[in-house]
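Please find my notes on this model below. They go point by point, from the overall fold to single residues.

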Amino acid sequence: MKTIALVAALGLAGGVVSACSGGAPKGTIALSEPNSPFIAFDVWIKAGSQNDPVGKEGLALLTASLLSDGATQQDSYQSIVEKLYPMAAGYGASVDKEMTVFRGVVHKDNLDGYYTLFHNALLSPAFSEDDFNRVKAQLLNYDERARRFNRDEELSRELLYWMAYQGTPYAHPAEGYVESVRSITLQDVKDFYAKHYLRNNVVVGVGGGYPDGFVERVRADLDGLPTGTVETVAAPEPAMPRGVKVLIVEKQTDASAISMGFPIPLVRGDPDFTEMALVNSWFGEHRSSFSHLYQVIRERRGMNYGDYSYIEAFPRSYTTQERPVNYARRSNLFEIWIRPISGTGPDDLHDRTLFATRAAWRELAKLTDEGLPPDEVERARLYLHNFSVTYGSTVSRRLAYKVDDAFYGLGEPGYLASIRPGLEKLTPESVKGAIDRNLQPDNMWVVFITSNAEALKAKLLSGEATPIRYAAQQPPELLAEDEEIASFPIPVKAEDITIMPIAEVFEKGT
Amino acid sequence: MRPLQGLVLLGALAGIVAAAPGHATAQEPAGIFPFEYRRLDLDNGLRAYLIRAGAPGQIAYLSVVRTGARDEVEPGRTGYAHFFEHMMFRGTKKYPNYDGVTEKLGAFRNANTSNDRTAYYLVAGTEYLEQVMDLESDRFMNLDYSEEGFRTEAGAILGEYQQGAYSSYSILDRKVRETAFLKHTYRHSTIGLEADVRAMPEGYEYSRSFFHRFYRPENVVLVIAGDMDLDHTEALVHQYYDGWEPGYQAPAIQAEPEQTAKRTATVEYSGRTLPIVTYNWKAPAWSGTDKNAVAIEVLGRVAFGPNSDVYRKLVIQERRLQGLGAGFGLDRDPSVVSLNAMVSDPADVDAVESELEAAVALARDSLVDAKLLANTKSAMKYGFLMRLETAQNVAFALIQPIVNTGGIEAVNDYYRTLDAITAEDIRDAARTVLDDRGLTKVTLVQAERGS
């Protein structure tokens with residue numbers, strides 16, 4: 001019976017979409033799409049890894065994990081898994097610097113049973129010792145092993161943020177350090193929950209085909225949390241590096257991971273944001289072969305799998321083509337991600353590593369110097385005009401964008417609906433102004449993960465050219481450009497290069 | 001050739017209507033698959049499905065080539081199905097700059113390759129449907145790339161190889177494949193062997209032959225899902241694809257000889273890892289109608305999934321495993337189903353193995369609880385239906401039946417077969433598949449001097 005009802009409902013999916021957050025109770029975001037057979041939840045706790053106490057880095061994540069992956073006072077964890085199973089539904093928490101968000105989607109046939117479990121997870125966690133030991137052991141395994149030994153390209157990106165935000169609450173990864181996670185106790189988790197999971201610190205997002213009165217019910221339920229004093233954390237003010245600062249992580253590998261970047265004074269909703277979104281899309285659109293960096297390094301030279309840039313955080317970007325949601329931050333980096341560069345012959349790994357780094361750097365220098373010609377602005381504008389439609393592909397994503405709007409203080413119509421009007425308004429001049437205010441090539445944090453770190457350091461300091469060879473015949477224009485790239489200056493001093501063995505990476509806080 | 005006018009909206013068309021080549025067939029929701037669709041069978045062998053689904057104003061355009069790493073039969077040529085996927089973005093005489101055209105459309109597009117298929121997709125506004133079809137049909141028929149472009153792209157493949165090459169799971173996967181398969185091409189992974197990947201710049205001529213043998217209409221199924229006029233779209237399919245010359249040459253894939261004794265192997269990992277134990281049993285090909293094949297997929301969930309007794313005991317209650325995963329999905333050819341366990345304490349590996357083997361024996365000897373079976377069927381159905389929110393996801397959800405059978409009708413077959421599966425069927429499936437003689441057990445451990 002259930003299946004028949006579901007089939008009928010799905011057949012109707014995708015009709016009228018009427019988003020409204022007006023009229024919803026305070027601290028609530030309602031995205032009504034009455035024809036959707038799904039109901040999406042996006043409950044935002046205004047606390048994240050920036051609220052981790054010193055020495056207890058990882059606590060916000062462990063707290064959220066215990067709630068999403070542990071027992072409640074009503075049900076054992078096993079019983080929760082068992083009840084969710086026939087619905088093919090679940091809920092999970094994501095924790096970033098500023099936000100903890102509990103998300104889930106369920107078919108409307110199963111709303112009541114599902115919501116009871118979701119609600120209990122947030123409001124009446126059991127804080128079971130066994131569950132705590134399980135989720136802590138999983139996090140510790142990630143910190144001790146998987147993070148450092150599985151995906152160097154993701155590790156180099158996390159290290160870039162760690163370098164750039166030293167001395168601020170943004171420095172440590174949400175997963176914490178090996179030693180800090182080891183020290184976290186169940187009491188720490190209970191204390192974190194009591195301190196941050198407050199009715200006046202929670203925003204409730206509900207979207208899709210929910211019944212009348214449901215949003216009000218969810219809000220009233222969440223109001224069952226106690227009120228309290230909300231901890232405020234000052235927005236980080238990361239310092240611009242003075243010149244070039246390099247971290248080289250020593251690891252046994254045949255390929256190098258490379259990340260580089262610097263802070264930018266830009267968040268969603270700022271006057272320059274649309275212009276910079278366009279510039280970044282042109283320069284390094286995520287996972288897109290149109291991106292300029294991709295064209296220069298991969299398409300023409302075949303050096304690696306892809307080369308991208310970012311103006312907003314995009315954790316675990318190797319896993320998806322879709323933009324992340326619920327990673328809103330008050331501070332951002334401009335980030336260049338060069339995917340692993342492999343050696344192709346004896347002893348050419350470091351030459352190729354530095355060649356790719358120089359190629360990206362030189363393109364950034366050209367961009368800041370010359371800006372974007374009007375026809376390129378038009379090209380990028382048309383692309384984003386069409387492409388941005390895909391950002392809110394599901395009700396769950398559209399709702400999450402609304403929650404992020406609340407973070408950034410963006411009122412109606414919200415970010416997604418304002419992209420096209422923003423693109424219409426910008427001009428080549430406003431684009432140039434935004435480049436001038438946000439980008440520069442002289443000050444840079446740089447991370448390499450590679451083998452034989454001392455040799456790479458020596459090569460960097462020598463300033464010697466790092467040419468590459470090709471398997472294919474290349475046109476003379478490209479070879480001429482290569483000569484410039486190979487000797488593009490990276491002005492770095494010996495005292496600004498740090499070498500770290502892989503076993504020390506994220507082992508403990510400083 | 002003549003399209004059927006309009007759709008049959010109601011009626012007794014339960015399930016599949018077999019279509020003769022050259023006919024369009026209207027289908028209405030008569031099984032689990034909830035959308036109206038139309039099937040076209042062109043004279044040249046191309047099959048296309050037009051499906052109305054998803055949000056207004058958007059279409060997802062999916063071309064499934066039923067060629068993957070499985071088809072790489074020649075020595076030294078592993079990884080070419082995937083390499084060729086990259087070359088498909090390198091343009092034609094008509095559209096030398098594929099990227100430039102799709103950029104203007106703002107299209108979300110990419111492709112991916114696995115054992116059994118290569119899938120190309122593009123999501124764009126409905127207003128661009130004809131442009132998309134022109135572009136896509138053109139590259140499938142008239143791909144044209146230079147040797148220089150080919151050599152350059154080989155470098156990108158090496159970079160892609162390196163991204164995951166050092167993960168413990170990649171290393172384990174390689175060992176499982178080379179131990180379990182002696183003849184069949186499932187012996188190598190989709191990305192290919194490192195030596196073959198490094199030799200790719202020299203393979204231009206071979207890559208051309210790959211295109212001519214496999215990129216043919218009889219070997220491709222097109223899915224267009226989204227908001228569109230079906231008659232208009234059907235006319236476009238004929239306009240753009242009727243001229244595609246058939247000529248598919250099936251590769252001579254060696255059948256895997258029957259395994260008659262248990263195989264074991266251990267592989268050392270130079271980074272840091274907890275031990276991972278994997279059990280891999282030889283299993284039959286995927287089928288939507290064979291009760292035993294469907295029962296095997298259910299078996300993986302009931303015997304080893306998060307609601308199984310062994311999962312509860314070892315992962316949740318005793319926490320002796322970091323995780324337990326059951327990969328019981330079947331493939332186009334007979335393959336393996338797998339159980340993977342990451343062991344929390346290296347000293348506990350032997351004891352954990354005894355527990356897992358006891359659970360395997362239990363699956364062979366006892367009947368699954370009725371409630372767990374009912375819940376599993378529900379989870380599988382809802383799991384399928386919950387994926388169908390967007391046109392792109394509708395298209396993606398159909399890749400597996402297309403790859404395995406050449407059509408989407410197998411979706412309804414599969415869930416009909418699933419409905420009828422009993423506890424006895426699952427026990428019988430366990431007896432046939434969880435047999436020590438077909439077992440390959442591989443363990444990954446950290447090397448003594450891990451870095």
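Predicted model: local features only at pLDDT ≥ 70, side-chain atom pairs only at ≥ 80, totals over all residues.

1. Chain A holds 18 helices and 11 strands. Its C-alpha atoms fill a box of roughly 70 × 50 × 45 Å along the principal axes. For 510 residues, a compact globule would have a radius of gyration near 24 Å, and chain A agrees, with 24 Å.

2. In chain A, 54% of the 510 residues count as buried. Take the contacts between residues at least 6 apart in sequence: 82% of them join residues at least 24 apart.

3. Domain 1 of chain A puts 35 residues into the contact, and domain 2 of chain A puts in 36.

4. The domain 1 side of that contact. Elements giving two or more residues to it are β1 (28–32), β2 (38–45), β4 (100–107), α6 (152–164) and β5 (202–208) of chain A. Which of them gives the most to this side? The answer is α6(A), with 11 residues. By class, the domain 1 side has 16 nonpolar, seven polar and 12 charged residues.

5. A six-stranded sheet. The strands of this open sheet in chain A run in the order β8-β9-β7-β10-β6-β11, with mixed pairing. At the edges stand β8 (307–310) and β11 (497–501) of chain A; each has a single partner strand, so one side of each is left without a neighbour in the sheet. From one strand to the next, the twist averages 15 degrees.

6. Inside the sheet. β7(A) pairs with β9 (residues 332–342) of chain A in the antiparallel sense, over nine bridges. One pair to check in the viewer: Phe262(A) has Phe334(A), in β9(A), as its bridge partner. Helix α11 (residues 292–299) of chain A packs on the sheet and touches β8 and β9 of chain A. The direction of α11 makes about 155 degrees with that of β8(A).

7. Ser256(A). This residue sits in strand β7 (residues 255–264) of chain A. Is Ser256(A) buried or exposed? It is buried: 30 other C-beta atoms lie within 10 Å, and the cut-off for burial is 20 or more. Leaving aside neighbours within four places in sequence, Ser256(A) is in contact with Pro340(A), Ile341(A), Leu349(A), Thr353(A), Phe448(A), Ile449(A) and Thr450(A). The C-alpha atoms of Ser256(A) and Arg339(A) are separated by 8.3 Å, though the two are 83 residues apart along the chain.

8. Contact between the chains. Chain B contributes 57 residues and chain A contributes 59. On the chain B side, elements giving two or more residues are α2 (98–105), β5 (108–113), β6 (118–125), α4 (147–164), α10 (309–317) and α12 (370–385) of chain B. The largest share, 12 residues, comes from α4(B). The chain B side divides into 23 nonpolar, 22 polar and 12 charged residues.

9. Helix α1 of chain B. This helix (residues 80–87) is mostly covered, with seven of its eight residues buried. The buried ones are Tyr80(B), Ala81(B), His82(B), Phe83(B), Phe84(B), Glu85(B) and Met87(B). Their cover includes β5, β6, α4 and α7 (204–214) of chain B.

10. Backbone points to inspect. Most residues other than glycine have a negative phi, and most peptide bonds are trans.

   - Glu412(A) to Pro413(A) is a cis peptide bond, with omega near 5 degrees. Pro413(A) lies in the loop between α14 (395–408) and α15 (414–425) of chain A.
   - Arg316(A) has a positive phi, near 50 degrees. It belongs to the loop between β8 and β9 of chain A. Arg316(A) is exposed, with 11 other C-beta atoms within 10 Å.
   - Phe506(A) also has a positive phi, about 55 degrees, although it is not a glycine. It lies in the segment after β11 of chain A. Phe506(A) counts as buried, with 24 C-beta neighbours inside 10 Å.

Technical notes:
Residues numbered from 1 in each chain as written. Chains lettered and ligands numbered in written order. Helix = DSSP H or I, 4+ residues; strand = E, 2+ residues; numbered from the N terminus. Rg over C-alpha atoms; globule rule 2.2 N^0.38 Å. Buried ≥ 20, exposed ≤ 12 C-beta atoms within 10 Å, placed from the backbone. Contact = placed C-beta atoms within 7 Å. Nonpolar A, V, L, I, M, F, W, Y, C, P; charged D, E, K, R; others polar. Pairing = 2+ DSSP bridges. Axes fitted to C-alpha atoms, helices over the stretch in contact; angles between N-to-C directions.
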